[in-house]
Amino acid sequence: MRDCGACAVSRREEALAALKAAYVDLTPGQKLTYRLFQPQDASGVGRLFYQTYADSYPVDEPYVPELLVEANRTRQYYTIVGCDADGAIAGHACIYRSSP
């Protein structure tokens, strides 16, 4: 049985591999529509973070869809997404609880 730290590393590695495979180019200058995050947006947010930071962003939530959904569900994160005309996530903003 793996310890919790090893499980988190594995989840992150699996998510990063999936995001690398799903890379898409974003067209600059598009008009975006902004709205509150919805669970189905999690993979698009992850893709955006991967395109911006590769694997160097120090927090797992943006990369691992289930963690991002849970952080928003429990109100640890309040996320806004920017969507292009096709509904692809092309922008992201978030406020989060960093101390009790």
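1. The model under discussion is a predicted one.

2. Three helices and three strands make up the secondary structure. Followed along the sequence, these elements give the pattern α-β-α-α-β-β.

3. On overall dimensions, the radius of gyration is 14 Å, which agrees with the value near 13 Å that a compact globule of 100 residues would have. Along the principal axes, the C-alpha atoms fill a box of roughly 45 × 35 × 20 Å.

4. Burial and surface may be read together. Of the 100 residues, 28% count as buried. The accessible surface comes to about 6800 Å², and carbon and sulfur atoms account for 55% of this area.

5. Among contacts with a separation of 6 or more, 57% are made by residues 24 or more positions apart.

6. The aromatic residues deserve attention, with four aromatic pairs counted. In one of them, the ring centres of phenylalanine 49 and tyrosine 53 are 5.6 Å apart and the planes stand at 35°, so this pair is tilted. Both residues belong to helix 2 (residues 42–53), where four residues, about one turn of the helix, separate them. Which of the classes, buried or exposed, applies to phenylalanine 49? Its relative accessibility is 8%, so phenylalanine 49 counts as buried. Tyrosine 53, at 36%, counts as partly exposed.

7. Tyrosine 53 also pairs with tyrosine 57: their ring centres lie 4.8 Å apart with planes at 45°, so this pair is tilted. Tyrosine 57 has 24% relative accessibility and counts as partly exposed.

Note on methods: Residues are numbered from 1 along each chain as its sequence is written. This is a predicted model: local features need pLDDT of at least 70, side-chain atom pairs count only at pLDDT 80 or more; totals for chains, interfaces and linings use all residues. Side-chain values use heavy atoms; hydrogens and water are left out. Helices (H or I, at least four residues) and strands (E, at least two) are DSSP runs, numbered from the N terminus. The radius of gyration is taken over C-alpha atoms; the globule rule is 2.2 Å times the number of residues to the power 0.38. Buried means under 20% relative accessible area, exposed over 50%, partly exposed in between (1.4 Å probe, protein chains only). Contact means heavy atoms within 4.5 Å. Accessible areas come from the Shrake-Rupley method with a 1.4 Å probe; for residues, only the protein chains shown count as cover. Rings of Phe, Tyr and Trp (its six-membered ring) pair if their centres lie within 6.5 Å; planes under 30 degrees apart count as stacked, over 60 as edge-to-face and the rest as tilted.
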